[in-house]
Structures are given as C-alpha cells and as structure tokens.
Amino acid sequence: MTRTDEKVRYLPESKGETLTPLSAASGVENVLRILEGRWKLVILFHLFGGKVLRFSDLERAIPVISQKMLIQQLRQMEADGVVRRIVHHQVPPKVEYCLTDWGQALCPALDALLKWAAQKEPAGG
C-alpha cells in the first residue's frame, strides 16, 4: 500500500488567516502597544542597519532622554523581542544593544509610514 505522502508530491498551501475589521484593528493595537513610548522610535532609528551601540552611545545620541527613561524603554523593547541586550562580563561593565531580526524587519514598515506621512498636504491647502 502506498503512503499518502508518497502519492502527493506537494504540500497543500495553508490558508492564511482571514482578517476581519475587528481582528485587524486588534492586531494593529498590539503593534502600537509595542511601539508606544516617547523614545522607542528614536531608539529604533538609531539601531537600524545592524548597528550595535553601547548604552553610553545611545545616551550621547539622544541627549534629551534621561538615563532612567532610556533604561525603561530599552527593557520594554527587549521584553517585546525588538531589541537584544548583550552583556560583556568585564570591568568596567559593557552592555550593547542591537535589533533582533524581528526588530530590524520594522525598518521597511516605518519607511512606508514616513512616505505616507510626507504625502499629507499642508493644512489649509
């Protein structure tokens, strides 16, 4: 008797999840929760392109953010899987941050948002 997987020479394509207005809105809300925070997008743009920055480099790059707020935003982004924290056990301590592959995948989406925002006509025009 021939096995089914030997008879079928292809894998059936899985049907993608059909989005409803409610499920799409819920998905967008979840994404916005990950990106919400005054400094998260600024941090993301500094880390795009595979950059690996030390904590002190990020502090210098964003001088208006407090150390406490930078730590909070980085920890939230790490917990969400957007940023990877690399600890080098040495004296003095060295901590570096970079984007995960998933975090780096945000780049095209944010570029598309920038292009979309640039298309807005000035108010009163």
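**Exercise 1.** What percentage of the contacts in the protein chain with a separation of 6 or more comes from residues 24 or more positions apart?

*Solution.* Keep in mind that we're working with a predicted model. Contact here means heavy atoms within 4.5 Å. Take the contacts with a separation of 6 or more: residues 24 or more positions apart account for 51% of them.

**Exercise 2.** List the elements of the chain from the N terminus on.

*Solution.* Start with the tally: the protein chain has 7 helices and 3 strands. Now walk along from the N terminus, and you get α-α-α-β-α-α-β-β-α-α.

**Exercise 3.** Work out how the sheet is put together.

*Solution.* Step one: the 3 strands make an open sheet, ordered S1-S3-S2, with antiparallel pairing. Step two: look for the edges. S1 (53–54) and S2 (83–88) are the edge strands, since each pairs on one side only. Step three: zoom in on S1 and S3 (residues 94–99), which pair over 2 bridges in the antiparallel sense. Arg 54 has Glu 96 in S3 as its bridge partner.

**Exercise 4.** Find out what helix H3 packs against.

*Solution.* First, the sheet: H3 lies across S1, S2 and S3, and runs at about 90° to S3. Next, the other helix: H3 (residues 40–47) packs with H7 (residues 106–118) at an angle of about 115°, their axes 11 Å apart. The crossing is left-handed. Then check who meets whom: Leu 41, Leu 44 and Phe 45 of H3 touch Leu 106, Leu 110 and Leu 114 of H7. Sort the residues of this contact and you find 6 nonpolar, no polar and no charged.

Note on methods. Residues numbered from 1 in each chain as written. Predicted model: local features only at pLDDT ≥ 70, side-chain atom pairs only at ≥ 80, totals over all residues. Heavy atoms only, no water. Axes fitted to C-alpha atoms, helices over the stretch in contact; angles between N-to-C directions. Helix = DSSP H or I, 4+ residues; strand = E, 2+ residues; numbered from the N terminus. Left-handed = near helix turned anticlockwise from the far one by under 90°. Nonpolar A, V, L, I, M, F, W, Y, C, P; charged D, E, K, R; others polar. Pairing = 2+ DSSP bridges.
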